[in-house]
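Reader: I am new to this structure. Please take a close look at the aromatic side chains, and then go on to the positions that a record annotates.

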Amino acid sequence: MPEAVIRHDWSRDEVAALFALPFNELLHRAHTVHRAHHDPNAVQVSTLLSIKTGGCPEDCAYCPQAARYDTGVQAQKLMEVDDVLARAKAAKAAGASRFCMGAAWRGPKDRDIPKVAEIVRAVKDLGLETCATLGLLGDGHAQQLKDAGLDYYNHNIDTAPEFYGEIIHTREYQDRLQTLEQVRDAGLKTCCGGIVGMGETRAQRAGLLQALANLPEHPHSVPINQLVPVPGTPLGNAEKLDPFEFVRTIAVARILMPLSIVRLSAGRQQMDDAVQALCFHAGAGSIFYGEKLLTTGNPDTEHDRALFRRLDLHAMEVVEEAGTAHADIMQAAPAGCGHGCGCSAAA
């Protein structure tokens with residue numbers, strides 16, 4: 001494979017120029033990059049569980065878990081280990097290779113970290129990759145999670161720096177960058193992306209991707225979320241983003257960060273299968289699998305299995321190697337039906 005050109009000095013004009021390419025030209029460039037560094041027919045499959053729901057003190061305009069908004073989400077305490085473990089086992093049986101756990105905190109307190117670490121250890125022992133999104137991390141938190149077996153930490157920058165203040169007022173953009181720095185310093189893999197369709201301009205979408213690509217290290221996973229408007233939040237009546245503009249965003253992300261896995265994330269329930277197929281062609285190599293993302297809907301597993309079969313896609317698996325906890329996500333030889341769908345025919 002040709003060596004990837006990794007840059008951290010993208011200008012806004014360069015990113016905007018990619019967005020402005022004719023649609024078919026942009027998809028051709030993005031797919032060329034994608035297949036040069038990834039299996040274009042393999043998709044990394046994650047399942048996301050809210051292990052502590054609601055009651056968040058932040059004011060993120062998109063989030064139904066903010067305590068200040070009346071969205072019908074009831075605050076709940078941190079789940080027990082056995083309950084999380086049962087959901088993780090079900091996710092693995094359904095074909096997921098990574099289990100992601102989210103907690104609606106501004107950030108965990110020192111007393112919360114040992115509880116989350118216990119959950120991480122239990123999930124890791126199942127042979128799944130682990131990811132957590134807990135908000136802003138304090139001193140030593142990232143290292144404690146790493147020691148417990150956490151593989152990835154998700155902390156999105158959400159949007160372009162200049163638009164950030166229109167969406168969130170209770171934390172600064174720099175706060176997010178500091179948590180990402182702590183995660184990298186602890187040796188954890190970063191999962192970092194953003195949300196589009198929040199009323200931003202194309203130039204601001206370019207700003208989001210520029211900021212991601214110019215981080216000191218490209219995120220290992222880059223979730224691109226399409227806003228799911230939730231009644232009761234300030235963005236509950238946001239106008240839907242044109243689906244081809246969303247595909248463009250996936251394609252530009254793929255070009256800017258050639259080795260990262262770009263995740264087709266929230267908003268898939270509102271996309272038809274043809275748009276999802278375009279996203280996979282444009283460079284999306286990961287999805288969330290399951291019926292719910294924290295508190296919003298997601299296509300169910302049977303629909304995703306059928307879509308994978310129609311598109312001749314297969315799921316990637318975690319490959320264990322001697323002397324290590326887990327290797328990176330790698331393509332495994334397909335077994336059974338050949339689609340990694342978790343059916344009884346698969347190994």
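Author: Tyr 173 has a relative accessibility of 16% and therefore counts as buried, a word used for residues under 20% relative accessible area, with exposed meaning over 50% and partly exposed the range in between (1.4 Å probe, protein chains only). Tyr 164 is also buried, because its relative accessibility is 3%.

This is a predicted model, in which local features need pLDDT of at least 70 and side-chain atom pairs count only at pLDDT 80 or more, while totals for chains, interfaces and linings use all residues. Residues are numbered from 1 along each chain as its sequence is written, and side-chain values use heavy atoms, leaving out hydrogens and water.

A pair of aromatic rings is described by how far apart the centres are and by the angle of the planes. Rings of Phe, Tyr and Trp (its six-membered ring) pair if their centres lie within 6.5 Å; planes under 30 degrees apart count as stacked, over 60 as edge-to-face and the rest as tilted. The count by this rule is three aromatic pairs. One of them joins Tyr 164 and Tyr 173 in an edge-to-face arrangement, with 5.6 Å from centre to centre and 75° between the planes. Phe 280 and Phe 308 form an edge-to-face pair as well, at 6.4 Å centre to centre and 90° between the planes. This pair links distant parts of the chain, 28 residues apart: Phe 280 lies in helix α10 (residues 273–282) and Phe 308 in helix α11 (residues 301–311). Helices (H or I, at least four residues) and strands (E, at least two) are DSSP runs, numbered from the N terminus. Phe 280 and Phe 308 are both buried.

Aromatic rings also meet charges here. The charged end of Arg 7 sits over the ring of Trp 10, 4.0 Å from the ring centre; the term requires NZ of Lys or CZ of Arg within 6 Å of the ring centre and within 35 degrees of the ring normal. Arg 263 has its charged end over the ring of Phe 288, 4.5 Å from the centre.

Now the annotated positions. An unreviewed UniProt entry places the feature "binding site" at Cys 56, Cys 60 and Cys 63; UniProt positions follow the numbering used here, feature names are shortened, and annotations may be inferred rather than shown by experiment. Cys 60 is in the loop between β1 (42–52) and α3 (81–93), and counts as buried because its relative accessibility is 7%. Beyond neighbours within four places in sequence, Cys 60 is in contact (heavy atoms within 4.5 Å) with Tyr 69, Ile 167, Ile 168 and Arg 176. Cys 63 is found in the loop between β1 and α3 and is buried, at 17% relative accessibility. Leaving out residues up to four places away in sequence, Cys 63 touches Tyr 69 and Thr 233.
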